[in-house]
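Please read the following points beside the sequence and the structure.

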Amino acid sequence: MAITKPAAVLIDFDGTLVDTEPYWMQGEVDLLAEFGVAWTLEEASGLCGTSREYSQAVLKAQMANHGVDVTDLDDDVFYAELCDSVVDRINRLGAPALPGVSELLTDIAAHGLPCAVVSASPPGVLAAGLAGFPEGVIQAVVNGEMVEESKPAPEGYLLAASMLGVDASDCVVIEDTVSGVAAGLAAGAVVVAVPRLQVIHDAPRQVILPSLEGVDVAKLAQLYRQGRGTGHE
């Protein structure tokens, strides 16, 4: 029987598709260190998956709490410096695919299943990180500049589904963070959560996996049915 559901796979970028979260975390540590402000990798992990606006507000609050005058801080320059550090690390160190990702994408392409990347990251970071993936596997990319409300709002996933010509409720979203999972659920999708740096609790329409190893299109169909609580496709 042909697999008809999910209609598409919508997948997060940092920490789900590729192992770039450490680049963002170290970038934050280094950037705040330029202002003489301490910021730990553990603290940085709490910002994984959040929007630019939220993360910048937290970082600026940390700076202000340590005596830095952030009144005249240019948000665009500040964020650009952080993004440039991430792109630099991708170019120097690569953007390694996380376990099971390459095999899953290969099977997705073999089945002709539409696939989109949905990320809060800016275009430059996504372009650098996706450059190592085969052409044609990912049909659409939603970056952080394409939406008014980033995760946990569902806008990015709803936009991606629309770009692929499917309904978000017929999709599987693959995520690794609390805010990303919330966005996928709010969009009406079944969410496969693969947590790495944050604790994700059980919720309806959600399946938690330790990794994507061994996950193929047939497994995604099974997980979709499991998330929907139905035994049929």
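1. The model under discussion is predicted. Strand 1 and strand 2, the latter formed by residues 115-118, pair in the parallel sense, and three bridges join them.

2. Strand 1 also pairs with strand 4, which covers residues 171-175. The sense is again parallel, over four bridges. Here Leu10 has Val173 of strand 4 as its bridge partner.

3. The side chains of strand 1 (residues 8-11) deserve attention. Ala8 and Leu10 point one way from the strand, while Val9 and Ile11 point the other way. All four of these residues are buried.

4. How many aromatic pairs does a search of the whole structure find? The search finds one. The pair consists of Phe35 and Phe78, whose ring centres are 6.3 Å apart; their planes meet at 50°, so the pair is classed as tilted.

5. Phe35 belongs to the loop between helix 1 (21-33) and helix 2 (41-45), and Phe78 to helix 4 (residues 75-93), so the contact ties together parts that are 43 residues apart in sequence.

Methods. Residues numbered from 1 in each chain as written. Predicted model: local features only at pLDDT ≥ 70, side-chain atom pairs only at ≥ 80, totals over all residues. Heavy atoms only, no water. Buried < 20%, exposed > 50% of the residue type's maximum accessible area, 1.4 Å probe, protein only. Helix = DSSP H or I, 4+ residues; strand = E, 2+ residues; numbered from the N terminus. Pairing = 2+ DSSP bridges. Phe/Tyr/Trp six-rings, centres within 6.5 Å; stacked < 30°, edge-to-face > 60°.
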